[in-house]
Amino acid sequence: MTLRAPDFADDIFALFNERDAALTDIAIIQPADPFLDMAGEDLRRRIFLTESETGANLCLRPEFTIPVCRDHIEKRAATPQRYAYLGEVFRQQREGGAEFFQAGIEDLGASDRAGADARSLGDAHALLARVLPGHALPVTLGDQAVFEAVLSALGLPRGWQMRLTRAFGSQKLLQVALDDLANPQGATNLPRAVAGLVARGGEAALAEHVSVVMEKTGLSPTAGRTPQEIARRLIEKAELRSVRLTDEAMSALKAFVSMRVPFAEAGERLSAFAAENGLILDDALETFAARAERISAEGLPLDALTYDAGFGRPLDYYTGFVFEIASPTGTVLAGGGRYDRLLTLLGAETPIPGVGFSIWLDRVAGLKETAA
């Protein structure tokens, strides 16, 4: 290690022990492909990549969630398990060093999802409150599952639901997607033969045509996307261009993503939103209410919690509840959420629910120095 662990590390280790989270040791060198496939565009740009002697893609550990989950799968460990960590991560950054410390807890396999979500938020808040006593710690909560339920209730085609869900968590990408949905683009300038195959939705024939074109132009089908992937994407884009939401549905979607209310009012406001727009969101709102009840029981300062319907974490593997804890000046100190599909994507034989958080210890240290 080239950095020294923060001098408040012992306080963090003590909290891990109190919260029954076992400290785990994760290798710094990691297979790169899981991060490239699942970690989100912003993180992918910042990873330090290299190759093994056999040509396998490797990287310096850019975060802990994926490595902790891979380690759990490889060890065939029983669930539930609570893994704690404190160590270096490596990312290219616009400001600050490229290596810094993170700490966190990953909670895998808990069947009580509402309770595990609330406990994860409580763990993160308790850790920050311990190392930053006396500091106000505003919390922003979001829920990707509620967002997806709204998209489904509005009757959006699967392709649009996927695009908007991928944009969730990025205000810029989400706005671009909403603009495209409000004003569908005309047909692209495709070659006549390709345009005809796209219009007919003939994926197999289109893939064969793409394969022939690639062969003629000397492009290897293994160098990038396959002909099948290209054909599927062209047809998907055509389907997206054919959809336009009604003014009422677009108004409802924009009203939803702009909703930002005190956490204590969130359940009531969401129910009112569903009723006002004739949307059936019963399952998502029932899950939201169960979690809200468990969060309230965690003893957190509820007046510091805000629900933001458009808030998401900019990592591709989050699937539901998400949260962020900041300093009074808005510096993000911790982020986390639920990622129920991640372990299956990483190779788990059966689905394993997961929720966790990471804390940026360099930012915490900077805040402590400022306050000293």
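User: In which strand does Leu-305 lie?

Analyst: This is a predicted model, in which local features need pLDDT of at least 70, side-chain atom pairs count only at pLDDT 80 or more, and totals for chains, interfaces and linings use all residues. Residues are numbered from 1 along each chain as its sequence is written, and side-chain values use heavy atoms, with hydrogens and water left out. Helices (H or I, at least four residues) and strands (E, at least two) are DSSP runs, numbered from the N terminus. On that numbering, Leu-305 lies in strand β9.

User: Is Leu-305 buried or exposed?

Analyst: The classes rest on relative accessible area, where buried means under 20%, exposed over 50% and partly exposed in between, with a 1.4 Å probe and protein chains only. Among the residues that Leu-305 touches, not counting those up to four places away in sequence, are Leu-121, Val-139, Phe-263 and Ile-295, where contact means heavy atoms within 4.5 Å. Because its relative accessibility is 1%, Leu-305 counts as buried.

User: How far apart in space are Leu-305 and Phe-263, C-alpha to C-alpha?

Analyst: Phe-263 is one of the residues touched by Leu-305. The two are 42 residues apart in sequence, while their C-alpha atoms are separated in space by 5.4 Å.

User: Which residue forms a salt bridge with Asp-117?

Analyst: A salt bridge is a side-chain nitrogen of Lys or Arg within 4 Å of a carboxyl oxygen of Asp or Glu, and by this rule the count comes to 16. Asp-117 is in helix α5 (residues 113–131) and its partner in strand β11, so the pair ties together parts that are 221 residues apart in sequence. The N to O distance is 2.8 Å, and the partner is Arg-338.

User: How many residues apart are Asp-143 and Arg-291?

Analyst: Asp-143 and Arg-291 form a salt bridge, with 2.9 Å between the closest N and O atoms. This pair links distant parts of the chain, since Asp-143 is in strand β7 (residues 139–143) and Arg-291 in helix α14 (residues 282–296). Both residues are buried, and they belong to a network of salt bridges that also includes Arg-113, Asp-117, Arg-338 and Asp-340.

User: Why is the pair of Phe-147 and Phe-168 called stacked?

Analyst: Rings of Phe, Tyr and Trp (its six-membered ring) pair if their centres lie within 6.5 Å, and planes under 30 degrees apart count as stacked, over 60 as edge-to-face and the rest as tilted. The structure holds 11 aromatic pairs. The rings of Phe-147 and Phe-168 have centres 4.5 Å apart, and the pair is stacked because their planes meet at 20°.

User: With which side chain does the side chain of Ser-327 make a polar contact?

Analyst: Ser-327 lies in the loop between β10 (321–326) and β11 (332–338), and it is buried, with a relative accessible area of 2%. A polar contact is a pair of N or O atoms within 3.5 Å; within protein, one must be able to donate a hydrogen and the other to accept it, and residues adjacent in sequence count only if both atoms are side-chain atoms. At 2.9 Å, the side chain of Ser-327 makes such a contact with that of Thr-329.
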